[in-house]
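Please keep the sequence and the structure at hand.

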Amino acid sequence: MTTASDFPDTAEPVSGENAPAPGRKPAATPAAPVEAHVIWTIPDLLLVGLVIVLALTAAVSTYQRYRHRAIVDRLAEDLKISAAGFRTHIQETGTAPADTVAGLAPSGMGDHLKGVNWKLPTPVGGYYRWTNIPTTETGQVLPPGGTISVTAFTRDAELNLTRADLLELDRRLDDGNLETGNFRTGFNGWPVLTVRPQP
């Protein structure tokens, strides 16, 4: 019978045995996860493109509205300056200037129309024109006066005014009603401002 004493006390490995494993190393830390690359699908790209197009369209539309509003503002200011100039001339001379063709200021009005160049198209297209109103009409004596109109008989001077623009001009220059008062629409819907000695 074999007993424990038959085996020698030795720390050396017996031939053919594996050496004892050295001290266990701590488990390795897991590698950082590799981020997946973002892949844009066609629907994603179309959506981004649509958002960009809508943003650009809104920006262009806002700019165009602002620019159009600015030129309507300029027309209102030109008409105010011109009307004041004609009133001054009428008060000083007792007569209204003679008729002129579109794009030509009446004779003697140079000093009274400073800041408004009647030779150039108006801010909204077309040209300014002065028409004298006869002082007698159907036997009634009228004060001297005339009309400032914006005419656009040539294609290169086409007017760029909407009805909303005309109403806005009427609010600024007159009573806000295109059917009454001194600011109305005349031939072809073009604006006409009547000028008398008193506003």
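Which elements do the buried residues of H2 pack against?

## Helix H2

The model is predicted. In it, the buried residues of H2 pack against H1, E5 and E6. Those buried residues are Asp165, Leu166, Glu168, Leu169, Asp170 and Leu173. Helix H2 itself covers residues 163-173.

## Overall fold

The protein has two helices and six strands. Along the sequence they follow the pattern α-β-β-β-β-α-β-β.

The chain has 199 residues, and 29% of them count as buried. Among contacts with a separation of 6 or more, 60% join residues 24 or more positions apart. The accessible surface is about 14200 Å². Carbon and sulfur atoms account for 59% of that surface.

## A buried ring pair

How many aromatic pairs does a search of the whole structure find? The search finds six. One of them joins phenylalanine 86 and tryptophan 130. Their ring centres lie 3.8 Å apart, and their planes meet at 5°. Planes under 30 degrees apart count as stacked, so this pair is stacked.

The two partners come from distant parts of the chain. Phenylalanine 86 sits in helix H1, residues 42-93. Tryptophan 130 sits in strand E1, residues 127-133.

## An exposed ring pair

Phenylalanine 153 and phenylalanine 187 form another stacked pair. The centre-to-centre distance is 6.0 Å, with 25° between the planes. Both of these residues are exposed.

## Threonine 151

Strand E4 also holds threonine 151. Its relative accessible area is 8%. Buried means under 20%, so threonine 151 is buried.

Which residues does threonine 151 touch, leaving out those up to four places away in sequence? The partners are Ala102, Gly126, Tyr127, Arg129, Leu159 and Trp190.

Notes. Residues numbered from 1 in each chain as written. Predicted model: local features only at pLDDT ≥ 70, side-chain atom pairs only at ≥ 80, totals over all residues. Heavy atoms only, no water. Phe/Tyr/Trp six-rings, centres within 6.5 Å; stacked < 30°, edge-to-face > 60°. Helix = DSSP H or I, 4+ residues; strand = E, 2+ residues; numbered from the N terminus. Buried < 20%, exposed > 50% of the residue type's maximum accessible area, 1.4 Å probe, protein only. Contact = heavy atoms within 4.5 Å. Areas by Shrake-Rupley, 256 points an atom, 1.4 Å probe, with all protein chains shown as cover.
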